[in-house]
Amino acid sequence: MTLDIEDRLAAAAFRRLVEHLQMRSDAQNIDLMGLAGFCRNCLGDWVHEASDGAISKEAAREAVHGMPAAEWKAQHQSPATQEQLARMEESLALNAKLRAERS
């Protein structure tokens, strides 16, 4: 089932998600990737892609992180463990499988 959501409501929900991700800097991108198959960087990349190039990838990621992505990484991100990397790879494979099933 697909639910149509008005653009203004979708935009408000997006802004709240971004605010939440900025507030929860303790939630590591690698853990988000392992659990849900996306992270702050992905969200920024999606904004970049949706803009058809009007917003650079770096600017979109900065908007999502609330600061330059490299600065966010230096302040909040710890090195990934082998277990985290393995979960991320499994999650990315599941993304690809699910995307293929939708096509």
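A residue counts as buried when its relative accessible area is under 20%, as exposed when that is over 50%, and as partly exposed in between, using a 1.4 Å probe and protein chains only. Asn95 is buried because its relative accessibility is 18%. What you're looking at is a predicted model, where local features need pLDDT of at least 70, side-chain atom pairs count only at pLDDT 80 or more, and totals for chains, interfaces and linings use all residues. Residues are numbered from 1 along each chain as its sequence is written, and side-chain values use heavy atoms, with hydrogens and water left out.

**The whole chain**

- Six helices and zero strands make up the secondary structure; here helices (H or I, at least four residues) and strands (E, at least two) are DSSP runs, numbered from the N terminus.
- Read from the N terminus, the order of elements is α-α-α-α-α-α.
- Along the principal axes, the C-alpha atoms fill a box of roughly 40 × 35 × 25 Å.
- The chain has 103 residues, and 25% of them are buried.
- Contact means heavy atoms within 4.5 Å. Of the contacts with a separation of 6 or more, 53% are between residues 24 or more positions apart.

**The nonpolar core**

- A nonpolar core is a set of buried Ala, Val, Leu, Ile, Met, Phe, Trp, Tyr and Cys residues joined through side-chain atoms within 4.5 Å.
- The largest one has 10 residues: Val18, Leu21, Ile30, Leu32, Met33, Cys39, Cys42, Leu43, Val64 and Met88.
- Helices α1 (7-23), α2 (29-36) and α3 (40-50) each give this core at least two residues, and the largest share, three residues, comes from α2.
- Take Val64, a member of this core: leaving aside neighbours within four places in sequence, Val64 is in contact with Val18, Gln22, Arg40, Leu43 and Gly44.

**Helix α2 and what follows**

- The buried residues of α2 are Asn29, Ile30, Leu32, Met33 and Gly34, and they pack against α1, α3, α4, α5 (69-76) and α6.
- Asn29 sits in α2 and counts as buried because its relative accessibility is 5%.
- Not counting residues up to four places away in sequence, Asn29 touches Cys39, Arg40, Asn41, His65, Trp72 and Gln77.
- Asn29 and Leu85 are 56 residues apart in sequence, yet 11 Å apart in space, C-alpha to C-alpha.
- Just after α2 comes Gly37, with a positive phi of about 75°.

**Helix α3 and its loop**

- Arg40, Cys42, Leu43, Gly44 and Asp45 are the buried residues of α3, and their cover includes α1, α2, α4 and α5.
- Asp52 is in the loop between α3 and α4 (57-65), and has a positive phi of about 55° although it is not a glycine.
- Asp52 counts as exposed because its relative accessible area is 73%.

- Asn95 lies in helix α6 (residues 82-102). Apart from neighbours within four places in sequence, Asn95 is in contact with Ala36 and Gly37.
- Ala93 and Gly37 are 56 residues apart in sequence and 8.9 Å apart in space, C-alpha to C-alpha.

**The aromatic pair**

- Rings of Phe, Tyr and Trp (its six-membered ring) pair if their centres lie within 6.5 Å; planes under 30 degrees apart count as stacked, over 60 as edge-to-face and the rest as tilted.
- Searching the whole structure turns up one aromatic pair. Phe38 and Trp46 form it, stacked, at 5.7 Å centre to centre with 25° between the planes.
- Phe38 is partly exposed, at 23% relative accessible area, and Trp46 is partly exposed as well, at 43%.
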